[in-house]
Amino acid sequence: MTGISPAVVSASKLGLTFQTNDGPVQALSNVDLTIGKGEFVSFIGPSGCGKTTLLRVIADLEKPTSGAISINGMTAEQAREKRAYGYVFQAAALFPWRTIERNVALPLEIMGLSRAEQAERIKRTLDLVNLSGFEKKYPWQLSGGMQQRASIARALAFDADLLLMDEPFGALDEIVRDHLNEQLLELWGRTNKTICFVTHSIPEAVYLSTRIVVMSPRPGRVSDVIESTLPKERPLGIRETPEFLAIAARVRDGLRAGHSYDD
Amino acid sequence: MDTFRDKLIPVTSILVGVVVLWYVFAVFLNAPFQRDLDRRANETSTFSELIGKTLSQPKPTLPAPHQVAVNFFENTFLRPINSNRSLVYNAWVTLSSTLLGFAFGTALGIVIAVGIVHVATLDRSLMPWIIASQTIPILAVAPMIIVVLAAVGITGLVPKAMISTYLSFFPVTVGMVKGLRSPEIMHLDLMHTYNASQAQTFWKLRVPASVPFLFTSMKVAVAASLVGAIVGELPTGAVAGIGAKLLAGAYYSQSIDIWSALVAGSIVAALLVMVVGIAGRLVDRAMGGRPA
C-alpha cells in the first residue's frame, strides 16, 4: 500500500547526535523510513529511544547531523516554511490570554488569512473536534481533554495534509484517552490526513495505526516495523479481539528484541 | 471581600501599636526641652501636666500623632487648593513630575528590554551598565542633572521628571527582560512550526506573555518615581512640591509640617501603587485571567 501512494515523509540513514556537556549523545542512528499518504504511523518505544526527536526532525525543529529527510519531496525546512504539517505537542500549549477560537485562529493570523476565511475555518475545525459552543471560553475553563482537542483543531485549521502528534494524550486519564482515540480515528477517516503519532502505550499504538514503528534506545533506532492487519473501521471493542492482541504481542516482542525492557 | 476582613484586624492592631509607641516616644523626646522651658519660666509641672505640654509644643522634636493629623487636615481640606500651603497643591506638583517621569521611565525601560531580548550584543554590553547606573547614589546625581539641564535652558517639570525616569526605568527593564523571555519553549516551537516571523512571535507571544511582569515592575517603578520627584525638588530650591515642603520645614524647624508632608507623600505613593495594581488586574481580566 505504501508502494502505490507517493511518499509524504521519507528518511534515509538519518542520524542525530546532540553535543552535551557530558559528551555527544546519539539520539537517532541510521533511521530509514517511508510514510505514504493517508497512513497512520505510530512511533513507540521507551523514553530516550528518539521517537520525539524523530518527530521534531520531521517538523524541522531539530536538524539531523547525518542522512537525509524529505517531506512531500521538499527538505524539512522548506516543508515547514510552506506550513506542510500541523504539530500537536504533549501539552495543549494554548495561549492562556486567547479564547479557544482565537487560539485556533493563531496560525491563520500568522498566514495572513482574511477575517472571513478565519471565521469559516475556525467553525469547521471546532466542529471537527466537537468543540462547537466553546469558542469564547478561555483555556482554563476547559478540561484537559478539551484543551488537547482545541490544540488539535489549531493544528488542523490551516489544512496541512500531515499531522505530527507527540504523545498528545499522554497526560490524560485512560477514559478520556479512549474517547479521544476513538474521535481521532474518526477524524482521520474523514479527512484522509497522514498522521505521525508518538506514544508509549502499546494498546494506543495498535488501536490507532496502520503501521507501528518500534524504536529502541541508546542509540535511538528503528528496531521493527509492523503493518496492522486491522480493518479501517475500529470500534473500541476491537481491542479484545485475538487479531488485536496478536499485533500487540508483536509490538511487545519488537520492544523486547530492541532491549527496551533492559535497564 | 473576605481577604479584606482577614487583613483588617492584623493591620489595625499594628497601627494601634505604632500610634501608642509614637506617643511614648513623643513624650520621651520632647520632655527635656519642656523641662528646660519650665525651668526658665520658674514653673513646676506635675507629671500629667508635663505630658500634656510635651504633646502640644509648637515645634516639637517629635510631633504627636494628633498634631500631625490636625496639621494634615487643615492643610489638605481647609486651604484653598491653589494656595502654596495646601498639601493638595504641593502633592499635585510632585505628582505631575512623578507621572511624567514614570511615563518616560516605563517607555525607556520597555525599549531597552526589547533591545536586550532581541540583540545579543546589547544583552552583553548594556546590562552591566544598567545595573551600575542604579548603584550611583541618586542624591549625588540629582543636583548635577538639574544644573546641567538648567544650563541648556531646560527648567521646571522636565528636570525633576528626568530623575524619576532615572529611578523608574530600571525595574521596568529588568521585569520586561524577564517577561519577554518568559514564553515556554513549547510556545516558541509552536510559532516556529507556523514559520512565524520574529515580529509575529514578538507581538503575538512575547508581548502578551510579558504583561503580568510589566505591571509588577510598574508598581515598583511608580513608587521609585515618586521618590525621584521628591529628591528632585530638594536641590532645585523648588518653591512647591512635597520635597519643597520637607526642605522648608527643615529650614524653619516646622517639624509638624515635615511630618504632615511625609504623610501626604506616603498617601500619594500608596494611591499610585494601588492605581497601577487595579489597572493590572483590569488588564489581566480582559486577557482572560482566571479570577483569583
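Chain A is divided into domain 1 (1–84 + 165–263) and domain 2 (94–159), with bounds that come from an automatic or database domain assignment. This is a predicted model, in which local features need pLDDT of at least 70 and side-chain atom pairs count only at pLDDT 80 or more, while totals for chains, interfaces and linings use all residues. Residues are numbered from 1 along each chain as its sequence is written, and chains are lettered from A and ligands numbered from 1 in the order in which they are written.

**Domains of chain A**
- The centres of domain 1 and domain 2 of chain A, taken over C-alpha atoms, are separated by 26 Å.
- Between these domains, 9 residues of domain 1 of chain A are in contact with 8 residues of domain 2 of chain A, contact being counted when the C-beta atoms of two residues, placed from the backbone, lie within 7 Å.
- The side of domain 1 of chain A that touches domain 2 of chain A comprises 7 nonpolar, 1 polar and 1 charged residues, where Ala, Val, Leu, Ile, Met, Phe, Trp, Tyr, Cys and Pro count as nonpolar, Asp, Glu, Lys and Arg as charged, and the others, Gly among them, as polar.

**Domains of chain B**
- Chain B is divided into domain 1 (2–61) and domain 2 (87–286), and the C-alpha centres of these two domains of chain B lie 37 Å apart.

**Where chain B meets chain A**
- Across the two chains, 15 residues of chain B are in contact with 18 residues of chain A.
- On the side of chain B that touches chain A, helix H8 (185–193) and helix H9 (198–233) of chain B each supply at least two residues, helices being DSSP runs (H or I, at least four residues) numbered from the N terminus.
- H8(B) gives the most to that side of chain B, with 6 residues.
- By class, the side of chain B that touches chain A has 6 nonpolar, 6 polar and 3 charged residues.
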